[in-house]
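This briefing concerns a single protein chain. Please view the sequence and the model together before reading the points below.

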Amino acid sequence: FFFKQKTAYEIASGDWSSDVCSSDLYSSLNMIINSRTSPEYQTQLRNSTTFYRGMRYVPQELSEWRCNPDKDEYKNMKVPEEYRDAINGLLYILNYFEFLAQGIKFKDLDDELLRECFSSFLKGIERRGFHIILESQKQDPAAFEGIIYLSKKWNGSSFVETHRANPNTVELGIPYPSNEIVEKMVQGKPLLEDKSEPEANIAVQ
């Protein structure tokens, strides 16, 4: 499932991991510059935010399919490429934050600097990927534990940890695509609506 974990680590590490750095601050600055400007990161971020920005989130069924595609109910599943790319892009960003969390936990990265850069962004990422994180933890309870650690450390609480007991009643925002579209995907039916061009007026959070 963690198909991008190694890539995310390598991208985030960039060249700074080979430098002899005595300063966590210097390492963190170098890491941010290298990772956020890398073609891979930019591509995955662009794929993710094509659909998942503002108040949108990945629906439970799509998240379960992504984490457990061999489940019998998904045997006819047909997910258009643009949706796959968006979900994989969000997964990449989740893994990127997981890398940051591990770097902070082991004191290889500067916590204060990264908090200033990413704390508000992390809130939206955890909410958009809520079901992806829960479904991942069904496969591996340790999955994305770093994101939960980071959310509690930076923002005082973790959205996932707070609402995991009642995932079907929590207010996440707008499921994207809609339940109707997801049901067509599950049944393997063609999608009549063209959702390849998302609304341009959705604010990025």
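With the side chain of which residue does the side chain of Y41 make a polar contact? The partner is R36, whose side chain is contacted at 3.1 Å; a polar contact is a pair of N or O atoms within 3.5 Å, where within protein one must be able to donate a hydrogen and the other to accept it, and residues adjacent in sequence count only if both atoms are side-chain atoms. The model is predicted, with local features needing pLDDT of at least 70 and side-chain atom pairs pLDDT 80 or more, while totals for chains, interfaces and linings use all residues. Residues are numbered from 1 along each chain as its sequence is written, and side-chain values use heavy atoms, leaving out hydrogens and water.

**Overall architecture**
- The protein chain contains ten helices and two strands, taken as DSSP runs numbered from the N terminus (helices H or I, at least four residues; strands E, at least two).
- From the N terminus on, the order of elements is α-α-α-β-α-α-α-α-α-α-β-α.
- Of its 205 residues, 46% count as buried, that is, under 20% relative accessible area with a 1.4 Å probe, protein chains only.
- Contacts (heavy atoms within 4.5 Å) between residues at least 6 apart in sequence join residues at least 24 apart in 78% of cases.

- Helix α2 has 13 residues and reaches 18 Å from its first C-alpha to its last, close to the expected 18 Å, which is 1.5 Å times one less than the number of residues.
- S27, S28, N30, M31, I32 and S35 are the buried residues of α2.
- The axes of α2 (residues 24-36) and α6 (residues 111-128) come within 9 Å and cross at roughly 30°; axes are lines fitted to C-alpha atoms over the stretch in contact, with angles from 0 to 180 degrees between N-to-C directions.
- The two helices are therefore roughly parallel, the term for angles under 35 degrees.
- On the α2 side the contact involves L25, S28, L29, M31, I32 and R36, which meet L113, L114, C117 and F118 of α6.
- By class, this contact has eight nonpolar, one polar and one charged residues.

**Two buried residues**
- Y41 lies in helix α3 (residues 39-51) and is buried, with a relative accessible area of 0%.
- Y41 and Y92 are 51 residues apart in sequence, yet their C-alpha atoms are 8.2 Å apart in space.
- S136, in helix α7 (residues 130-139), counts as buried at 1% relative accessibility.
- The S136 side chain reaches the backbone oxygen of I132 at 2.7 Å.

Conventions. Parallel < 35°, antiparallel > 145°, perpendicular 65-115°, else oblique. Nonpolar A, V, L, I, M, F, W, Y, C, P; charged D, E, K, R; others polar. Buried < 20%, exposed > 50% of the residue type's maximum accessible area, 1.4 Å probe, protein only.
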